Amino acid sequence: MRSSDPDWPTAPSNREGAVVRAAVFAMGTRFEAVLAGGDESRLRSVAEAALAEITEWDQRLSLFRPDSLVSHLNRSAHERAIRVDGDTFELLSACREVWAASGGAFDITIGPLMRAWGFRGGPADPLAVEAARACIGMDAVELDASEQRVRFRRPGLALDMGAVGKGHALLHAAAVIREAGVESALLHGGTSSVVAIGSPPGGAGWRVGVAGTGITVTLHDQAMSVSAPRGRMVQTPQGRRGHILDPRTGAPAGGAGLTVVLGDCARLADAWSTALLVLKERPIGMPASLQCLIDPCSLAPSHNHTTASALLAGACSER
Amino acid sequence: MDMERRAFLTHAAGALAAVSLMPDLLPAAPILRGEPLNIGVIGVGKQGRAIIGELQKLDAVKIAALCDIDPGRLEGGVRRAQGAEGFAEYNKLLDTRKDIQALVIATPTHLHKDIALDAMSAGRHVYCEAPIASTIEDCRAMAQAAKNSKSVFHAALEGRSNPIYTLARSFFRSDSVRDLVSMRAQQHQKTTWRTPGSDAAREKALNWRLDKGLSTGLAGELGTHQFDVFSWYRSEYPVSVRGSGAVRVHKDGREVADTVHCDFVYADGVRMQYMSTLANSFEGKHEVFHGSNAAIKLAWTAGWMFKEADAPTQGWEVYANRQQFHNDEGITLIADATKLASQGKLKEGVGLPNQPLYYALSDFIKSVTEGKAVACSAEDGCRASVLGILANRAVVSGETVTIDPSVLKGS
């Protein structure tokens, strides 16, 4: 699912009160930042510093780079406990919390399953699904807080940060922007993960639409994540299914067609938008600070989104 | 061809490559003997943070201290490196943490010399980012101090520790390229090269690379690493460099060029052309050697050989991995081919399993803890850094600068 391009302000020609747009390719998609207010040259340097943070996290979390930290963990963490930096340890700990609260519907150890279903570059291998299912599970990841070390208790286990990486990177990028004193900015990763800082010049909030749904949300100091299984499909005995897998069954999730999560934290919003696709309903353990929309019927081409829009509007009005 | 024969040939191909070149191209990590080596990192900016990440992969070291004058950066560094003590002044670190045996210097270039000299005087081993200094005098002072010190001094010219570059160098020196006719390199990025700061004074300090009085420009700050690859491969330095540069895009009042060209000439007349820009990222950072038998392209985490049709077959390359570049087919240079071939994983060997920085830091640690010969000495660092400084002079002046071999020498 891709939300539509936000309403970007037009860059004025004067240098003070400028609007700057910058972008970078990372995590297999395009990240973009728009910053407003103040000196143009400084805004651009802040935007670059924020995007550099995203690039840095891509280098750490990418499955497709053999020199990434995640690749290093996937190669070696079953053989010995691997020391990681504090920020990565904190990310893994946060992922464990969502895994527990979602009853395993969100699980970053899903790497072997994603490979078996052909969602990570190679061909699908149905015979490998059962074996992959047997080795995954966040319960098999030891997180030693005293030494910030990570160890996999089961061979074959592999992390796949695809469901949380964009949100995590945006979380850090937004922190860079806030620390630099910029009070008006919008960032997105692949248009499905969004962070809004303040409001655009002259506006009450950043208006963001969800493509193909008619949903429009106004964000102010808030993060939003949109998930849907439709982006990439695979053929199963039950028909064509999307790329969101249910870690509990090992099969593509047959749940909701679209989820939208709003909250303070882009990482949590990302993780929970995936978990909700699997769960189809809000679990008790989901943080109360997160607001969500679960649209079970979005796969149907003729689906009327009036209900969805109303639900989300209700959620937004509670803020 | 049946599968068994194919598997055998694939295995044999990998074995041939390794036997004829190097038996174990991916170096082992430094060995942990007893307690890990206590290490301090001075300068926790972008490069310092990358260094922390790579050091944390090495069980043989413990990051015991970090130093940065910027409180925010220091705090971020300490958050990443659990257990590290934070210092605002490096002298205090040297005075109070006698248990720290080795230091990594990742400050702005013009601040390296004083820290390195004080560290070596205090008996600490030094890993110093490159260029090692921003003036010829400072480069020489550091090389001289390292020569007179018992401490290990490792200059961070990462190509010299990179397994792919080591492998490609063995090809280069074994005549696979044959008659070398030209060389070129580039480093293209899209960035302003400007860093935001909390106030005007801090911003000025952080943007030392845009201060023409302190910076060695694109040629020095970035090019030094790439120029050294050619010097290392050829075991000689160029005799002159002509340069040009301009602010093409980032017209924000800066005087340091955002786009530069250099033309180096070697004693045999072969030239190396270099281009660096902050306006466009196409094809990133790489080096190319052109010979009558083959071209070699190196891109830091990967490398390729492009053979001419009439070049003799060496055996190993027949079943090697290949990548298409428009009309050209590159043979992927893979480190540790024997091991990968034996596991049927040659394709997985494309690209380094760790960042180039990891191998440079590993070499330094091994020199300190295992007595391994220094992969890139202060003298190597001095020569490469002075070459970068002279190239920047050529860029700034727009003229040809003669490179007297005596100018490059550090000690």
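Two residues are taken to be in contact if their C-beta atoms, placed from the backbone, lie within 7 Å. The model described here is predicted.

Helix H2 of chain B spans residues 46-55. What covers its buried residues comes from both chains. Chain A contributes helix H2 (69-76). The cover from chain B includes strand S1 (37-42), strand S2 (61-67) and strand S4 (102-105). It also includes helix H3 (71-80) and helix H11 (356-369) of chain B. Seven of the ten residues of H2(B) are buried, so this helix is largely enclosed by the rest of the structure. The buried set comprises Gly48(B), Arg49(B), Ile51(B), Ile52(B), Gly53(B), Glu54(B) and Leu55(B).

A helix pair was also examined in chain B. The axes of helix H5 (residues 112-121) and helix H6 (residues 136-147) of chain B come within 10 Å. They cross at roughly 10 degrees. Angles under 35 degrees count as roughly parallel, so H5(B) is roughly parallel to H6(B). On the H5(B) side, the contact is made by Lys113(B), Ala116(B), Leu117(B) and Met120(B). H6(B) supplies Asp138(B), Ala141(B), Met142(B), Ala145(B) and Ala146(B). By class, seven residues in this contact are nonpolar, two are charged and none is polar.

Chain A has 319 residues, of which 50% count as buried. Its secondary structure consists of eight helices and 14 strands. Among contacts in chain A between residues at least 6 apart in sequence, 62% join residues at least 24 apart.

How values were computed:
Residues numbered from 1 in each chain as written. Chains lettered and ligands numbered in written order. Predicted model: local features only at pLDDT ≥ 70, side-chain atom pairs only at ≥ 80, totals over all residues. Axes fitted to C-alpha atoms, helices over the stretch in contact; angles between N-to-C directions. Helix = DSSP H or I, 4+ residues; strand = E, 2+ residues; numbered from the N terminus. Parallel < 35°, antiparallel > 145°, perpendicular 65-115°, else oblique. Nonpolar A, V, L, I, M, F, W, Y, C, P; charged D, E, K, R; others polar. Buried ≥ 20, exposed ≤ 12 C-beta atoms within 10 Å, placed from the backbone.
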